[in-house]
Amino acid sequence: MPGPGTAGPGEPPGKRPLPKIAIAAGAVVVLAGAVAGAVVLTGGEEKRRPKTVAPSGWAVAAGKRLLADPGLAYSGTVTAHGRSLRLRLRVSREGVASGSLTAGPATALLVTAGGATYVKAGQAFWRDQGGEPTRAGDYAGRWTKAPAALFGVDVRDLLSPKAIARLLAKAPAGPAAENVGGTPAYRVKTPRADYLFATAAPHRLLRVQTAGPGDPRFDVTELTDAGPLLAEARPRARALGGAVDPALRFAPGKPTFVNCNENVNGCTVSVPATLTAPTGRVPSGARAGLWVTITADGRALGRCRTSGEVPEGRSVTLRCTVVGPGWRAWMQRAMDEPGRHAYQASARVLGEAVAPGEVARLVAAVDRERTAAGGGTARPTPSASVPTSVPTSGRP
């Protein structure tokens, strides 16, 4: 996520300036068819780097405690699009996380893997709480890279025990104590978050306040066992292949059927698309994903999906083929029965956050932590996404 700005001198932690964030969405098309070193010498002048200040004793003790913890649990509220969402999140030592966002009856699942956080929720959540009322169908039931305006917290770099322990290296020796729920606490300020530690040994982390919409405050408790967290996070990470990236927006071109008529082996749909946002250079690793559903006689005959990297020219053509017994049986019957038999396809072109080939790397990172924690390796858990489609009509 883009990091918030640094608070100015004397400025309270809740007043840090925030960057403007733009959220983009996808497109729907329909188709009818029938660094080290202490001294640097430059130009003969000697420039000395600032001396590193040794961390205070309390900070060293707090850091050791964090590194000994299996993980941390956070609870609090975040503000998104003027609405308050209840957050519950467990974070492992290295930054794998799993949890939820809740607003009334609407709940979104969260998982952090590979440093990025993803959300999975139904259409009602995206429409009412996710800030996407007109494009809720693009994200409903799909793992989606969390937009900064929805969840503007860098979990691995701000909330993991290992990352917080590193930040303590710059903690002051004797900051002024304040009260956190009746407990005296030291406040450690950083550009993107403030951390409050108990003044009494062993200096437990009590609260984190991050920069973001509403300056979210999270109460913190320590996990005694990271096993349940990692067991929950693993199948979520495994299901991230094809996760959507709302920051990428595409304009689709004219779709076409390819080799469909009288072909019981499959039907291919081809859709050209052009990246329209963000503007400027194509983001490194940007990918476009295509989701296709073919229907006839009021029922789905099959689905397919594919994806591809977006070249510097910003345009890409995506093709996927629907195969299987549904299509085969319908086409065979259409060929055997005289008359006209209509079929139709819906296609969505959306940004892709996780290529299917990247999933193994994300799961392996979770498994390394599980092994270190004594949890072993879980058996693969399949997951199903909820497909969405826009009915159209046509004939082969």
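The expected span of a helix is taken as 1.5 Å times one less than its number of residues, and helices (H or I, at least four residues) and strands (E, at least two) are DSSP runs numbered from the N terminus. The model is predicted, with local features requiring pLDDT of at least 70 and side-chain atom pairs counted only at pLDDT 80 or more, whereas totals for chains, interfaces and linings use all residues. Residues are numbered from 1 along each chain as its sequence is written, and side-chain values use heavy atoms, without hydrogens and water.

Helix α1 has twelve residues and spans 17 Å from its first C-alpha to its last, close to the expected 16 Å. Its buried residues (under 20% relative accessible area, 1.4 Å probe, protein chains only) are W58, A59, A62, G63 and L66. Viewed down the helix axis, these residues fall within an arc of 135°, defined by the directions from the axis to the C-beta atoms, and therefore line one face of α1. The face turned away from the buried side carries G57, K64 and A68, which are exposed (over 50%). Contacts (heavy atoms within 4.5 Å) connect the buried residues of α1 with β4, α5 (161-167), β11, β12 and β13.

Eleven strands form an open antiparallel sheet in the order β9-β8-β7-β6-β5-β4-β14-β13-β12-β11-β10, where pairing requires at least two DSSP bridges between two strands. Strands β9 (144-145) and β10 (177-180) lie at the edges with a single partner each, so one side of each has no neighbour in the sheet. Six bridges join β4 (residues 71-80) to the antiparallel β14 (residues 217-223), and S75 stands opposite D219 in β14.
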